[in-house]
Amino acid sequence: MANDTKIDTVRLGADGPQVGVQGLGCMGMSWAYGPTEDAGEARATLERALELGVTLYDTADVYGDGDNEEFIAPFLRAHRDEVVLATKFALANDPQDPTRRTIRNDRPYVRQAIEGSLRRLGVEQIDLYYMHRRDVRVPLEETVGAMAELVAEGKVKHLGLSEVTAAELRAAHAVHPIAAVQSEWSLFSRDIEAGVVPAAAELGVALVPYSPLGRGFLTGSFVHADQELTADDFRRQQPRFTGDNAAANVALLEPVRTVAAAHGATLGQIALAWVQQQSATRGLTVVPIPGTRKRSRVEENTGATRIELTAEQLALLEPIAGKVAGDRYADMRFTSAGRE
Ligand SMILES: NC(=O)c1ccc[n+]([C@@H]2O[C@H](COP(=O)([O-])OP(=O)(O)OC[C@H]3O[C@@H](n4cnc5c(N)ncnc54)[C@H](OP(=O)(O)O)[C@@H]3O)[C@@H](O)[C@H]2O)c1
């Protein structure tokens, strides 16, 4: 039986929007994680999340070359004033090779990208516009300057950055206030804690952890991506989910299982509670955006906001990330870790 209590709200950044303390990642609804067998259920999930107090909805122009933005557009039209809409620019799929992506941060591209997103989403303004990846050939001041122009023109309300270093965050924030940084953060992926997290805490920038469920691995729903997931599933390209790495990594879920049993919770709920609790531990706003296309899972995931882990339980979970075998991506050059 689902608990219909709405989740708490927090402010994203010093002057940012008020949002539910957990958001919804929309990427997998139409891209990256195999075919969506039931688009109706995915649409119902968008609605159910809102009923539960989830208001930050996350997409990007690269997700299915705009398909994902178009997928959520009807929902947005129905609920424009209730939803805080986040999308991203900078990444594009290479039409010659689906495993490759290009990155563009130059001013003309920023101006072109926003028009495409506004059109596909069917809105006049995006609440939170992220630079998805950093192209080091373009001065950050040019990119953030172009994003600031969009704010001045009313096309965008707040700015965000994804997969940036602490130095890049500071430089960008000096050009225009940054409301949020979106980076991978979970029991399996903790590299941002050394630089980005303290910088965000100091600057009053919120952290929006993506893949907080380790792309589903932390829920125990799959082990060997290459054997269990469909041919087009992005996780088959991620070193930590295949071969010996996957076999070693699944053993790391044992302490998560122990903590879950103590709370009568699922593994995924403990993974989400852990990342949420980093807010208190590290003194910054944290709004994870787990992705799901199923109503029952959004109910389960929002339920995690009511779980409080004890110091002993946090200590039990602490060593996990240090033991994970395999990188987050096959090509780490596109991550902030490649530039730290
Ligand atoms: N900025 C970036 O570079 C970047 C990169 C990746 C993702 N993102 C954003 O972050 C969002 C979330 O990340 P993510 O989707 O990669 O990973 P995630 O949230 O860690 O995991 C999503 C996966 O877990 C499954 N799942 C969700 N809840 C579950 C539950 N309670 N029990 C069992 N399985 C569950 C989902 O399957 P079902 O859908 O079938 O439930 C999906 O396969 C994305 O949607 C996207 O908006 C951003």
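Colleague: How far does a backbone N or O atom of G216 lie from an oxygen atom of the ligand?

Modeller: A polar contact is a pair of N or O atoms within 3.5 Å; within protein, one must be able to donate a hydrogen and the other to accept it, and residues adjacent in sequence count only if both atoms are side-chain atoms. Here the backbone atom of G216 is 3.3 Å from a ligand oxygen. For C26, a polar backbone atom is 3.4 Å from an oxygen atom of the ligand. This is a predicted model, in which local features need pLDDT of at least 70 and side-chain atom pairs pLDDT 80 or more, while totals for chains, interfaces and linings use all residues. Residues are numbered from 1 along each chain as its sequence is written, and side-chain values use heavy atoms, without hydrogens and water.

Colleague: Which residues around the ligand come nearest?

Modeller: A residue is near a molecule if one of its heavy atoms lies within 4 Å of it. Of the 30 residues around the ligand, Y33, D58, L213, T292 and K294 come nearest.

Colleague: How is the packing of two helices described?

Modeller: Packed helices are described by the angle between their axes and the distance between the axes. Helices are DSSP runs (H or I, at least four residues), numbered from the N terminus; axes are lines fitted to C-alpha atoms over the stretch in contact, with angles from 0 to 180 degrees between N-to-C directions. Helix α1 (residues 39–51) packs on helix α2 (residues 67–79) at about 35°, their axes 11 Å apart. Contact means heavy atoms within 4.5 Å; among the residues making it are L46 of α1 and F75 of α2.

How values were computed: Helix = DSSP H or I, 4+ residues; strand = E, 2+ residues; numbered from the N terminus.
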